[in-house]
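Subject: Structure handover

Hello,

The structure we discussed is below, with its sequence. My notes on what was found in it follow.

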Amino acid sequence: MIKVGILTLSDKGSKGEREDLSGKILIELSEAENWNVIKYEIIPDEKDQIVEILKNWADKENLDLIITTGGTGVYPRDVTPEATKEVIEKEIPGIPEYIRYISYPITPMAALTRGLAGVRKTTLIINLPGSPKAIKEIFPKLVPIIKHAIEKIKGDPSECARN
Ligand SMILES: Nc1ncnc2c1ncn2[C@@H]1O[C@H](COP(=O)(O)OP(=O)(O)OP(=O)(O)O)[C@@H](O)[C@H]1O
Ligand SMILES: Nc1nc2c(c(=O)[nH]1)N[C@H]1C(S)=C(S)[C@@H](COP(=O)(O)O)O[C@H]1N2
């Protein structure tokens, strides 16, 4: 059972000024995969807070996967990639590349998502854009990659004989 943490980065959301639809959708989509969503938080776009919670969840909560939503753009307060870079030990550039690849046919604005992906200890961390529309477009296509990555991170020696 994949253990998941969902972290929403949103100034408006953390002040209760807007319902966190993206976090809600991520919980629903994760549970639809029979994954176990153990942690969920919504915090402001504050780098130190993001670093602290990502490290805590990866080091103490023994999560297999942390998905963040929001703060990956070029708005002055968007710092999720910078925080994630401080936390991951191994970067996986192919995941954000794939996110933009599948998104470009939908919107050229996919060029503006600076999100990262990587591993800390045995936790896979992936940054997604903030909009609920983006979550619905991206998450389903990431599921097979997430499953395979988690198997490998856990040391599954089987060959990568995948399609
Ligand atoms: N968690 C969320 N729930 C609902 N809508 C969201 C959420 N995050 C983002 N959005 C929508 O997607 C758009 C772009 O997302 P972005 O992360 O840039 O949020 P923002 O509104 O710019 O700032 P913040 O979410 O930090 O207050 C937002 O303008 C908003 O319409
Ligand atoms: N698939 C997909 N990717 C997307 C989008 C989208 O609507 N769909 N929005 C883009 C936009 S408008 C922005 S500003 C960047 C960064 O979004 P964030 O600041 O909410 O993280 O994600 C981009 N990636």
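A polar contact here means a pair of N or O atoms within 3.5 Å. Please keep in mind throughout that this is a predicted model.

Ligand 2

By that cut-off, Ser103 makes a polar contact with ligand 2: an N or O atom of the Ser103 side chain is 2.9 Å from a nitrogen atom of the ligand. Glu137 also reaches a nitrogen atom of ligand 2 with an N or O atom of its side chain, at 2.7 Å. Lys133 faces an oxygen atom of the ligand instead, with a polar side-chain atom 2.8 Å away. On its own, ligand 2 would expose 530 Å², and the protein buries 78% of that.

There are 18 residues around ligand 2, and those that come nearest are Thr72, Ser103, Gly130, Lys133 and Glu137. Sorted by class, the shell has nine polar, six nonpolar and three charged residues. Helix 6, which runs over residues 132–153, gives the largest share of this shell, with four residues. The space that ligand 2 takes up is the largest pocket.

Ligand 1

Which pocket holds ligand 1? Ligand 1 sits in the largest pocket, the one also given as the space taken by ligand 2.

Around ligand 1 there are 15 residues, of which Ser10, Lys12, Arg18, Asp20 and Asp45 come nearest. The shell around ligand 1 is made up of seven polar, six charged and two nonpolar residues. Helix 1 (11–14) and helix 2 (21–32) supply at least two residues each.

- Asp20: a polar side-chain atom lies 2.7 Å from a nitrogen atom of ligand 1.
- Asp45: an N or O atom in the side chain is 2.8 Å from an oxygen atom of ligand 1.
- Ser22: here a backbone N or O atom lies 3.4 Å from a nitrogen atom of ligand 1.

Salt bridges

Side chains of opposite charge can pair when their charged atoms come close. How many salt bridges does the structure hold? The count is 14 salt bridges. One of them joins the side chains of Lys147 and Glu33, with 3.8 Å from N to O. Lys147 belongs to helix 6, while Glu33 is in the loop between helix 2 and strand 2 (36–43), so this pair ties together parts that lie 114 residues apart in sequence.

Regards

Note on methods: Residues numbered from 1 in each chain as written. Chains lettered and ligands numbered in written order. Predicted model: local features only at pLDDT ≥ 70, side-chain atom pairs only at ≥ 80, totals over all residues. Heavy atoms only, no water. Near = heavy atom within 4 Å. Polar contact = N/O pair within 3.5 Å; in protein donor to acceptor, adjacent residues only side chain to side chain. Areas by Shrake-Rupley, 256 points an atom, 1.4 Å probe, with all protein chains shown as cover. 1 Å grid on protein atoms, 1.4 Å probe; cavity = no way out; pocket = protein on both sides within 12 Å on 5 of 7 lines; lining within 4 Å. Sits in = over half its atoms within 2 Å of the grid points. Nonpolar A, V, L, I, M, F, W, Y, C, P; charged D, E, K, R; others polar. Salt bridge = Lys/Arg side-chain N within 4 Å of Asp/Glu carboxyl O.
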